[in-house]
Amino acid sequence: MSTLKPVTHVIFDMDGLLLDTVGLYIVCHNRALAPYGQSVTWEQLMSEMGHTGLEVAQTFCAYFKLPISPEEYKEKVASSYFDVFPTVALMKGADKLVQHLHKHKIPIAIASGGAQDSFELKTTNHKELVSKFSHVVLASTDSEVKNGKPAPDVFLVCADRFPDKPKPEQCLVFEDAPNGVAAGVAAGMQVVMVPDPRMKEEMTKGASLVLKSLEDFKPELFGLPPYDA
């Protein structure tokens, strides 16, 4: 574990970190792949998490040698979002941490590789929680974000949209995926990683702190207000 330094702002990834969406993405991709006799594994999807939707489509079209364009594949995947995403649940500890930081007036935001339309579907039943965030940056549909994770773009744009424009070292990132951790580190930010328990330990390198659950986070380690006893 590296030396932890105090921060003033917090940026959250969304998929697999705040919302339990990874399994739902697998469902959507496998529906699109089934007509071609293909399916995606959890490991394959995790290696793509954080990329934009088009980047993922380009990778899978090439890997599975699909007879359709990445744009068509992306549309096929997205067609499943409407009935799948509104069912998504919060990850353990997410509501408690977000409510705590908001209560103590710590500026918080979301920086995700997702798109606006899927964001609206995923947050259908979580509007109250989303209202606590200063802003949301979605790499797939935000014109200022040129590259998805592991590039640092989405975190740098997100930090710049806080009214007081904190420096990268003043921001703490929460992530669950290796691409997201790499993006946060490349942005010059400390990163708390909460990986899926199936993830191999070598895939958690680079994070400032690795936790089994958001429930295990101790805000005071980063100079943030501690939870009430």
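A pocket is an open set of grid points, on a 1 Å grid over the protein atoms alone, with protein on both sides within 12 Å along at least five of seven lines. In this predicted model, the second largest pocket holds about 300 Å³ of space, and the largest pocket has a volume of about 470 Å³. Helix α1 gives residues to the linings of both, as the points below set out.

**Second largest pocket**
- The lining consists of 19 residues, and those nearest the centre are Gly16, Met91, Pro195, Asp196 and Pro197.
- Two elements, α1 and α2, each give two or more residues to this lining.
- Helix α1 has the largest share, with three residues.
- Sorted by class, the lining of the second largest pocket has ten nonpolar, three polar and six charged residues.

**Largest pocket**
- The volume of the largest pocket is about 470 Å³.
- This pocket is lined by 31 residues, with Tyr25, Thr52, Gly53, Tyr81 and Ser140 closest to its centre.
- Elements that give two or more residues to the lining are α1, α2 (42–48), α3 (53–63), α4 and α7 (116–122).
- Helix α4 gives the most, five residues.
- The lining of the largest pocket contains eleven nonpolar, eleven polar and nine charged residues.

**Helices α1 and α4**
- The axes of α1 (residues 22–33) and α4 (residues 70–78) come within 8 Å and cross at roughly 125°.
- The two helices are therefore oblique to each other.
- Their crossing is right-handed.
- On the α1 side, Cys28, His29, Ala32 and Leu33 meet Tyr73, Lys76 and Val77 of α4.
- This contact has five nonpolar residues, one polar and one charged.

Key. Residues are numbered from 1 along each chain as its sequence is written. This is a predicted model: local features need pLDDT of at least 70, side-chain atom pairs count only at pLDDT 80 or more; totals for chains, interfaces and linings use all residues. Side-chain values use heavy atoms; hydrogens and water are left out. Axes are lines fitted to C-alpha atoms, for helices over the stretch in contact, and angles run from 0 to 180 degrees between N-to-C directions. Helices (H or I, at least four residues) and strands (E, at least two) are DSSP runs, numbered from the N terminus. Angles under 35 degrees count as roughly parallel, over 145 as roughly antiparallel, 65 to 115 as roughly perpendicular and the rest as oblique. A crossing is left-handed if the near helix is turned anticlockwise from the far one by less than a right angle, and right-handed if clockwise. Contact means heavy atoms within 4.5 Å. Ala, Val, Leu, Ile, Met, Phe, Trp, Tyr, Cys and Pro count as nonpolar, Asp, Glu, Lys and Arg as charged, and the others, Gly among them, as polar. On a 1 Å grid over the protein atoms alone, a cavity is a set of points where a 1.4 Å probe fits but cannot get out, and a pocket is an open set with protein on both sides within 12 Å along at least five of seven lines; lining residues have an atom within 4 Å of a point. Grid points are joined across faces, edges and corners, and a volume is the space filled by probe spheres set on the points.
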